[in-house]
Amino acid sequence: MQVRVSNQNLKNIEADALYLAVFEDKSLSEKMVQLDKQLNSALSDFLKLKEFKGKLYETAVLYPQGLNFQRLILVGMGKEEDFEAPRMTKNVAGAAAKRAIKLGVKKLATLLNHPEETAGVVEGVGLASFDAGMHKTKKEKLEIQELILVGADEKVVGEAQAAAETINWVRHLIAEPANLMTPARVVEEAKKIAKTYKLGIEIIDEKEAKKRKMGAFLAIAQGSDESSYMIVLHYKAPKPGKTVLGIVGKGITFDSGGISIKPSAKMADMKMDMSGAAAMLGIMKLVGEFKPNLDIIGIAPVTENMPSGKAAKPGDVFKSLSGRTIEILNTDAEGRVVMSDAFTYVQKLGAKKIFELSTLTGAVNVALGPEATAIIGSSQEWVDTVISAGKRAGERIWQLPIYSEHKEMLKSDIADLANIPPTRAADVIAGGVFLGEFVEKENDWAHLDIGATAWLEGDKPYLTKGPTGVGIETALALIKALEGN
Ligand code: BES
Ligand code: ZN
Ligand code: ZN
């Protein structure tokens, strides 16, 4: 998508459509009044009909006469007092863009209410243009190819555009089926990023992982016929701060559940179980582009979770890289097992603060649904830093606690730790408790369970169902906050 900032008079804008975002029960802005005059009051007359109320994400289309654009799209911003920027700014733009795309619009223009909306508008329109029909042999390209912004802040366009493009790239990695998006293919993508942006890269294959005693990672990898890898990307800052940030992403390219096999309904969606790893790659790609002043290590264990004659069985015990032993009581709780070695390794490499994205549980969908990502971690200061980065990025993150009683849940009769609790109570927290066991006392960690936010089960007015690329924007805001620290 091309983005152009223009200061032309609205009536001269050449586009397939122009959209305006309006609050519910509010009069038109000065610039909109001007446009309305050029339209012989067609806009205000239409609003008087009250057919379109300006409710959040509501849209309407007008076909004005005598202008250079054929369609005028109105999109609702809801009640002004309920408006939450930048999340809703992005979504309102997305809702307008989705409506435009349905109409066949390729060249979309908009008049911003404030220059501060620029990044949100660019991202919202960019993200709405995502199309997951990658393998359809006959298809029309339904996307916005050019976005014209009137009244925008030109300085932020480049970064917002790069973020949207990278998020869509990540969404494609996630949507790609598991027969194509194998662990080896994820490695290829990591190698491309390392080469393009001159990042350090370490690819640990199973043989090397055995030498290094990554027994937890291998416990899951051993069940798959595909080769598995631990991927590490290093970014060295021009002027590094004191801390080193570790970005850890769960990379299960397909989660069948293993021997504790999942029911077949919706099992196909489990190609998305590498959303954390894909987000890590996207974050490192943007880090390579923006070159922040902070050393960052991205890491992802990438493997399938499959049932086979070689697969881990319930009751099996494995020794993790940390030296601690894990009893796998349920092979479907594989994410925490592979991630434990990634946690240990990233700290060995020097990470002091961990930001981790995993589609770890189905239970997080019961707890929060697709409206918020769950966060669990320590210190509280670090968790708060991540939550507020999410706020600035327009991604909702909600904290769940770890009480001392929760820490008792993962006792094993035979090993240091079991991978699941004896009952299904507090499943999301149990995942966090498990991972927290692999963090050194002096380090900070934040586990984000994106099990319900990485993949939308139904369409939103502003986003197509399927992969979302959640976590990337929070990470970018977080990196900005940490620069120089
Ligand atoms: N990848 C799944 C979690 C998941 C399920 C994410 C559905 C998104 C949608 C994870 O590996 C898993 O299977 N977790 C189990 C844990 C349980 C056995 C404690 C779950 O949630 O059922
Ligand atoms: Zn699983
Ligand atoms: Zn999984």
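**The metal site and a helix residue**

In this predicted model, the zinc ion (ligand 2) is coordinated by Asp255 through OD, by Asp332 through both O and OD, and by Glu334 through OE, at 2.0 to 2.2 Å. The six donor atoms around the zinc ion (ligand 2) subtend angles of 72 to 169°, and the arrangement is therefore irregular; octahedral geometry would require opposite donors to be over 155 degrees apart and all others to lie between 65 and 115.

Along the chain, the donors of the zinc ion (ligand 2) follow the spacing D-x76-D-x1-E. Because Asp255 lies in strand β10 (residues 251-255), whereas Asp332 lies in the loop between β13 (325-328) and α10 (334-348), the pair ties together parts that are 77 residues apart in sequence.

Asp255 also bridges the zinc ion (ligand 2) and the zinc ion (ligand 3), which lie 3.2 Å apart. With regard to accessibility, Asp255 has a relative value of 3% and so counts as buried, while Asp332, at 21%, counts as partly exposed, given that the buried class is defined as under 20%.

Turning to another part of the chain, Arg87 is found in helix α3, which covers residues 87-102, and with a relative accessible area of 12% Arg87 is buried. The side chain of Arg87 is joined to that of Glu84 by a polar contact of 3.0 Å, and, if neighbours within four places in sequence are left aside, Arg87 is in contact with Gly394 and Arg396.

Definitions and conventions:
Residues numbered from 1 in each chain as written. Chains lettered and ligands numbered in written order. Predicted model: local features only at pLDDT ≥ 70, side-chain atom pairs only at ≥ 80, totals over all residues. Heavy atoms only, no water. Donors = N, O, S within 2.8 Å, 3.2 Å for Na, K, Ca; no water. Tetrahedral: all angles 85-135°; square planar, octahedral: opposite > 155°, others 65-115°. Helix = DSSP H or I, 4+ residues; strand = E, 2+ residues; numbered from the N terminus. Buried < 20%, exposed > 50% of the residue type's maximum accessible area, 1.4 Å probe, protein only. Polar contact = N/O pair within 3.5 Å; in protein donor to acceptor, adjacent residues only side chain to side chain. Contact = heavy atoms within 4.5 Å.
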